[in-house]
Amino acid sequence: MQVVANLGGVPGKDCRGFCKYCYFKKVKPIDALGCSSCPPNKVGCPRCREGVQEAGTEFQQPFTVVNQVQSTLMMNPIRDNNLKINISGGGDVSCYPYLEDLISIFSQWQIPIHLGYTSGKGIDDGNIASKFINQGVNEVTYTLFAADANLRREWMGDKNPEESLKAAQIFSESVDLHAAAVIIPGVNDGDVLRNTCEKLEEWGAKALMMMRFANSYDNGLILRNEPVVEGIVPHEPMEFQKLVEEINKEFNIRVTGTPLGDPTIKAPFILSNPEYEEFLEILPEVTGEATILTSKIAAPFIRKIFDKISPDNVNVVATKKDIACLMTKEDLEVLDLSDIKDSVILPGRAFVHQMDAERILSQDGIERVVGYGPNTLSVDGELSSGMTEEDVIEHELSSFIDLIQAINFFGMRRQF
């Protein structure tokens, strides 16, 4: 269990400036997108207005952060070896002006500390890492980008890249450092990526998460800010997965990718692999008929599973969007409705209001019923890196049970 110490903070402001590749750059005000959390007859709610833009709030005062964590611990008095305080926020953790004070306070509680996502751009003296380790920090999630000071300076706006890399090395040598890198073709892939992995392996880092760069609406930039970087074409999904697999084979660290994949445990969608077919027998019978709308990355995996358990009742249709939870109504407007059954299941986290979906998907004169499935059907490398194969299988089985129940509820019964 990890109790979050939310520092607050605004992307681009509380991180010493945007990185060149940051997907919050150039974000423009948007109308409410619509989602499953909206009221039934109204498009718009905090999730699909402010939430999707992660506008955030100013950095909070340390006493506010401490009080919030204390309240959480009092309401959930769990004490075991897995309990940690996860210091995180909308800004960069390393740029929080009271970080040393906060860690000093938490260290007195004798609960291990996880420094959540930080780029290290706020570190002016790499030796601070040793102090944090002595005060109970035993896990760090670190956006490295590259073990190349010049690239960090150019692409991340890191004013002291040698010091932030020094801190990354100290953390790696003593605690669990999970490195992360947005992979930009021609910038930090190829030899640069392999040099970074060599350094991480040499330092003793725990893992590397490779994050595919997004630069277009179809990639997931739904805040009217494409392209983030002019002239850069991101890796194709399967090309990116192949790169993740290659790096995983070459280096002795846990390598995962988002959105694809986790070569160590064959995630996401372990259940789509033939050797795990026996687990599909646990799933309930599919009695309804429906079309599952999803992303172009997830569609082939989901299709494999339903081709085994219900080839006649369910078809899977891919939109142009790479990530299912970033689908919007615009993705539905370009679909061929002749492929769509009378009942449709949307991803639970898609940014599409049910009212909009039913209107758009009924434009051919067939009045279709639309429902939402579970929020996720599997996990990407960001989550699976901290999970076992059994954890992912359990998550997928639970999610597919929920999905089948949605199909059976919303799906039109077959007429015999």
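Analyst: Let's start with F145, which counts as buried at 2% relative accessibility; buried means under 20% relative accessible area, exposed over 50% and partly exposed in between, with a 1.4 Å probe and protein chains only. This is a predicted model, where local features need pLDDT of at least 70, side-chain atom pairs count only at pLDDT 80 or more, and totals for chains, interfaces and linings use all residues. Residues are numbered from 1 along each chain as its sequence is written, and side-chain values use heavy atoms, leaving out hydrogens and water.

User: Is W155 buried or exposed?
Analyst: W155 is buried, at 8% relative accessible area.

User: Which rings form a cluster with W155?
Analyst: Ring pairs join W155 to Y21 and F145 in a cluster. Rings of Phe, Tyr and Trp (its six-membered ring) pair if their centres lie within 6.5 Å; planes under 30 degrees apart count as stacked, over 60 as edge-to-face and the rest as tilted.

User: How many aromatic pairs are there?
Analyst: The structure holds 10. One of them is Y96 with Y98, an edge-to-face pair at 5.6 Å centre to centre with 75 degrees between the planes. Y96 is buried at 3% relative accessible area, whereas Y98 is partly exposed at 29%. As for F145 and W155, their ring centres are 6.3 Å apart and their planes at 25 degrees, so that pair is stacked.

User: New topic: which residues of helix 8 are buried?
Analyst: They are P237, F240, Q241, L243, V244, I247 and N248. These residues lie on the same side of helix 8 because they cover an arc of only 160 degrees around the axis, taken from the directions from the helix axis to the C-beta atoms. Helices (H or I, at least four residues) and strands (E, at least two) are DSSP runs, numbered from the N terminus.

User: What does the buried side pack against?
Analyst: The buried residues of helix 8 pack against strand 5 (176–183), helix 7 (190–203), strand 6 (207–212) and strand 7 (254–258); contact means heavy atoms within 4.5 Å.

User: And which exposed residues are on the face turned away?
Analyst: That face of helix 8 carries M238, K242 and K249.

User: Zooming out, how many helices and strands does the protein have?
Analyst: The protein has 13 helices and 12 strands. Of its 416 residues, 53% count as buried.
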